[in-house]
Structure formats: structure tokens, C-alpha cells
Amino acid sequence: MQSELPALNEQLFDHNFKGDIDPYELFDKWLVLASEKEPIANAMSLATADKDGLPDTRIVLLKERADNGFTFYTNTQSVKGDELAANPKAALGFFWKSLNWQVRIRGNVVSVSDEVANAYYKTRPLGSRIGAHASDQSRPLETKQELMDRVAKYETQFGEDVPRPAHWSGYTIEPIEIEFWCDGEFRLHDRIRFTRENTNQSWTRQRLFP
Ligand SMILES: Cc1cc2nc3c(=O)[nH]c(=O)nc-3n(C[C@H](O)[C@H](O)[C@H](O)COP(=O)(O)O)c2cc1C
């Protein structure tokens, strides 16, 4: 699959190429290449806005490039969860230092189904599943000991059989914009943006000034 990437990039940046390029397919190939070069290539900045429109950002891990978009998992009662409840739109940013490539994504956010969340939760290490119960993510914590006491409590309560907490689940960003950016000499970078008005439409491709 990877050997197709140079040809795909060539088409991406070739103004004379009039055929379709699937931005999902392109993203997947960029991510595979980045993963060969970097330890956590699936780390992405997630930007949300609070109810007053004040932006917020933090890093989360892309866990699935699903058919409908880009999925991450979190505590739905966290600050990001509250912000997404108030305003279910988000932007994602990937930067792969080793390639000097960037991908930017914007779209509406939907929750994953309980079935999907359960299936992913089961694949997580025991400690992470306990942590999902123990961490009241984004809330004030007086001491680290308080957290460790909660970990011990849930370890005793659940043993090896840790159910998914109702407040731990996934969100998928359904993109209406995906931009691919490649570093160029003298800041003359290549930028190609794919846009569509809604998720039922096909993509339009546009080169942008750097
Ligand atoms: C490399 C990296 C990966 C992370 N992955 C996640 C993740 O997948 N889910 C998550 O909830 N927090 C993740 N975090 C922690 C978040 O950046 C953030 O601290 C946490 O989710 C609380 O954010 P909030 O208060 O804005 O909700 C990660 C942090 C780093 C540095």
C-alpha cells in the first residue's frame, strides 16, 4: 500500500491531474508513513469551543479512522465533553515532525454507538479500564494519593472484569474540510484543501497559497 503514496502525492500536487482523490485514503497513507517514523503519529490536537465561543485545545489519540470520520475516546464528562455537548463541532490537527507534514480537519462531531465504544473499551489494558473509572477527568484533584486510592477501590470492586463506565466513550469528527500541507523550500509550502458542504456530498479539491 505504501508504495502507492508517492504516486498519490504526485497527483495531489499536480494541477493538471483532474481525477478524484479520496482524502480518507490519502490520510490513511500519510498516517501509515508517519507511524513508521514516529512513536505516536496518531496524536492529534483537538480544538473545541466552549458555550461562549472561547477556543480550547488539547492532544488526544486517533483510535479509528472510521467510515464516517476520525474517532477518539475520552471521558464525556470532561471539559472537552462539556464543550462538545454545547457545540458539537471540532477541528483536528496532525503535525508529523519527521516528515514536516500537517493535516487539518474540521467538522461536526457525533458520539459513537455503545456497541462501538464497548468493543474498543474491551481492547484496552486493565489499568486503562480501571483508570476510566478512577479519573474524574478535568475536575480538581487535591492530591495524587486520592487518585491512587480510587484506583485501588475500583481494582478491588471489579477485579479483572471492568465494565465500561457510561461516561467513557468515543466521538467521531465527521469532516467537511481536510487540508494536506507539505513543507516547501523558502516557506513555499504545498497546501491542498478538500471541502464539501455536508457529509453526503462529494469532495472539492483546491490548492491554497501557503
Ligand atoms: C500524547 C497524548 C495523548 C492523549 N490522548 C488522550 C485521549 O485519547 N483521550 C483523552 O481523553 N485524553 C488524552 N490526553 C490528555 C488530554 O490532552 C487532556 O489532558 C485530557 O483529555 C483533559 O482534557 P479536557 O480537560 O480539555 O477535557 C492525551 C494527552 C497526550 C499528551
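Predicted model: local features only at pLDDT ≥ 70, side-chain atom pairs only at ≥ 80, totals over all residues.
I'm calling a residue buried when its relative accessible area is under 20%.

**Val60**

I started with Val60, which sits in strand E2. Its relative accessible area comes out at 9%, so I put Val60 down as buried. Next I checked what Val60 touches beyond its neighbours within four places in sequence: Asn42, Ala43, Met44, Leu46, Phe72 and Lys80. I also looked up how Val60 sits relative to Thr74. The two are 14 residues apart in sequence, and their C-alpha atoms are 8.3 Å apart in space.

**Ligand site**

Which residues are around the ligand? I listed Ile40, Arg58, Ile59, Val60, Leu61, Tyr73, Thr74, Ser78, Val79, Lys80, Gln137 and Ser138. Sorted by type, that shell has six nonpolar, four polar and two charged residues.

Then I went through side-chain polar atoms facing ligand oxygens. Thr74 has one 2.6 Å from a ligand oxygen. For Gln137, a side-chain N or O atom is 3.1 Å from an oxygen of the ligand. With Ser78 the corresponding distance to a ligand oxygen is 3.3 Å. On its own the ligand has 610 Å² of accessible area, and the protein covers 64% of that. Strand E2 (55–61), strand E4 (69–75) and helix H3 (79–86) are the elements that each supply two or more residues to the shell. E2 gives the most, with four residues.

**Helix H2**

I wanted to see whether H2 has the length its residue count predicts. H2 covers residues 23–37, and at 1.5 Å a residue its 15 residues should span 21 Å; the end C-alpha atoms are 21 Å apart, so the two agree.

Which residues of H2 are buried? I noted Pro23, Tyr24, Leu26, Phe27, Lys29, Trp30, Leu31, Leu33 and Ala34. A reminder to myself for reading that list: an α-helix has 3.6 residues a turn, so residues three or four places apart point the same way. At the start of H2, I found a side-chain oxygen of Asp22 within 3.0 Å of the backbone nitrogen of Tyr24.

**Glu177**

Last stop was Glu177, in strand E7 (residues 168–182). Is Glu177 buried or exposed? Its relative accessibility is 18%, so Glu177 counts as buried. Setting aside residues up to four places away in sequence, I have Glu177 touching Arg104, Ile105, Arg106, Arg193, Phe194, Thr195 and Trp203.

Definitions and conventions:
Residues numbered from 1 in each chain as written. Heavy atoms only, no water. Buried < 20%, exposed > 50% of the residue type's maximum accessible area, 1.4 Å probe, protein only. Contact = heavy atoms within 4.5 Å. Near = heavy atom within 4 Å. Polar contact = N/O pair within 3.5 Å; in protein donor to acceptor, adjacent residues only side chain to side chain. Areas by Shrake-Rupley, 256 points an atom, 1.4 Å probe, with all protein chains shown as cover. Nonpolar A, V, L, I, M, F, W, Y, C, P; charged D, E, K, R; others polar. Expected span 1.5 Å × (residues − 1).
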